[in-house]
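Hi everyone, thanks for coming. I'd like to walk you through one structure today, so please have a look at it before I start.

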Amino acid sequence: MLSREGYRVNFLQLKMFIPFPSDFVRNVLGKGQLIIDVESNYEAQAAGIIREKTGIEIKHKVVKVTGRPIFVDEVYDALRRY
């Protein structure tokens, strides 16, 4: 939906944290102008691990803490705010 509106977007989903793919993540995120972390926990733990393992600080976060899945429209609305 964002691409249709003229936004250039990329998506990285981490499924494995041990061993952490530091070089791969650093390469993918290093190309981004604006990095937004989307997570289902209050403390945005993946963003913290990414910072620890790659040195890349993700300043923008979208978190949902209800224990329910994040729906596409919720992500879309949140990302449009940035």
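Let me begin with a question: does K64 count as buried or exposed? Before you answer, please keep in mind that this is a predicted model. K64 sits in the loop between β2 and α3, the helix of residues 72-80. The answer is that K64 counts as buried, because its relative accessibility is 14% and the cut-off for buried is under 20%. And what does the side chain of K64 have beside it? One of its polar atoms lies 2.8 Å from the backbone oxygen of P69.

Now let's move to the strands. β1, residues 36-39, pairs with β2, residues 60-63, in the parallel sense over four bridges. Within that pairing, V38 stands opposite V62 in β2. To get from β1 to β2, the chain passes through α2, and this β-α-β crossover is right-handed.

Here is a pattern that I like. In a regular strand, side chains alternate between the two faces of the sheet.

Next, the surface. Y42 lies in the loop between β1 and α2, and it is exposed, with a relative accessible area of 68%. Together with V63 and V65, Y42 makes a nonpolar surface patch of about 330 Å².

Finally, the charges. Side chains of opposite charge can pair when their charged atoms come close. How many salt bridges does a search of the whole structure find? It finds four, and I'll show you three examples.

One is R80 with E5, where the closest N and O atoms are 3.3 Å apart. R80 lies in helix α3 and E5 in the segment before α1, so this pair ties together parts that are 75 residues apart in sequence. Both partners are partly exposed, R80 at 40% and E5 at 39%.

Another is D23 with R26, at 2.9 Å between the closest N and O atoms. These two are three residues apart in helix α1, so about one helical turn separates them. D23 is exposed, whereas R26 is partly exposed.

The last one I'll mention joins K53 and E52, with 3.9 Å between the closest N and O atoms. Here K53 is partly exposed and E52 is exposed.

Terms used: Residues are numbered from 1 along each chain as its sequence is written. This is a predicted model: local features need pLDDT of at least 70, side-chain atom pairs count only at pLDDT 80 or more; totals for chains, interfaces and linings use all residues. Side-chain values use heavy atoms; hydrogens and water are left out. Patches are made of residues with over 30% relative accessible area and no salt bridge: like charges are joined within 9 Å, nonpolar side chains (Val, Leu, Ile, Met, Phe, Trp, Tyr) within 5 Å. Accessible areas come from the Shrake-Rupley method with a 1.4 Å probe; for residues, only the protein chains shown count as cover. A salt bridge is a side-chain nitrogen of Lys or Arg within 4 Å of a carboxyl oxygen of Asp or Glu. Buried means under 20% relative accessible area, exposed over 50%, partly exposed in between (1.4 Å probe, protein chains only). Two strands pair if DSSP finds at least two bridges between them. A crossover is right-handed if, with the strands pointing away from the viewer, the path from the first strand over the helix to the second runs clockwise. A polar contact is a pair of N or O atoms within 3.5 Å; within protein, one must be able to donate a hydrogen and the other to accept it, and residues adjacent in sequence count only if both atoms are side-chain atoms.
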